[in-house]
Amino acid sequence: MDYQILMNKAEELSKKAYAPYSEFRVGACILTANDKIFTGCNFENSSYGLSICAERNAAGAAVAGGETKFKAIAVYSPNMENCYPCGACRQVLHEFECDDGIDIILKDKNGLNVRKLKEIFPDGFRL
Ligand code: THU
């Protein structure tokens with residue numbers, strides 16, 4: 001799978017973000033172990049703490065689609081280069097890592113950057 005395709009979908013989703021409070025828009029696109037694709041955007045709430053990140057929205061869509069092993073996730077924000085997943089989202093993604101781990105695909109002015117979830121979130125919690 002060409003990671004640029006995943007990034008393009010993440011960028012497309014960032015346009016759907018519901019972020020009237022922070023005005024920080026994020027889109028995410030997950031590639032599952034079965035080569036299915038699920039997307040999500042952040043959506044905020046008047047009760048700020050209830051806001052949901054794009055990555056967790058995409059993860060929920062994947063699980064609802066019957067997919068619980070993820071190979072990669074692209075994250076895009078027009079507001080920031082290399083928009084890394086927050087700590088809460090790293091823990092959520094950790095739950096669904098496939099055997100080879102999850103590639104975190106980010107973007108800056110020079111192009112795509114790929115990191116492993118394990119690199120940026122070692123020793124995550126799992127029951
Ligand atoms: N946000 C995401 O959707 N993903 C991230 O990786 C970082 C933060 C959202 C949450 C909130 O709606 C806004 O960005 C500002 O924090």
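I started at the ligand and looked up alanine 54: one of its backbone N or O atoms lies 2.9 Å from a ligand oxygen atom. The model is a predicted one, and I read every value below as computed from it.

I went on to glutamate 44, where a polar side-chain atom is placed 2.6 Å from an oxygen atom of the ligand. I then checked tyrosine 84 and found a polar backbone atom 3.3 Å from a ligand oxygen. I also looked up the cover: on its own the ligand has 370 Å² of accessible area, and the protein covers 78% of that.

Next I listed the residues around the ligand. They are Ser22, Phe24, Val26, Asn42, Glu44, Cys53, Ala54, Glu55, Tyr84, Pro85 and Cys86. I sorted this shell by class and noted seven nonpolar, two polar and two charged residues.

Then I turned to the helices. I noted that a packed pair is described by the angle and the distance between the two axes. I took α2, which spans residues 54-64, and α3, which spans residues 87-95. Their axes are 9 Å apart, and the packing angle is about 20°. I recorded the crossing of α2 and α3 as left-handed.

Methods
Residues numbered from 1 in each chain as written. Predicted model: local features only at pLDDT ≥ 70, side-chain atom pairs only at ≥ 80, totals over all residues. Heavy atoms only, no water. Near = heavy atom within 4 Å. Polar contact = N/O pair within 3.5 Å; in protein donor to acceptor, adjacent residues only side chain to side chain. Areas by Shrake-Rupley, 256 points an atom, 1.4 Å probe, with all protein chains shown as cover. Nonpolar A, V, L, I, M, F, W, Y, C, P; charged D, E, K, R; others polar. Axes fitted to C-alpha atoms, helices over the stretch in contact; angles between N-to-C directions. Helix = DSSP H or I, 4+ residues; strand = E, 2+ residues; numbered from the N terminus. Left-handed = near helix turned anticlockwise from the far one by under 90°.
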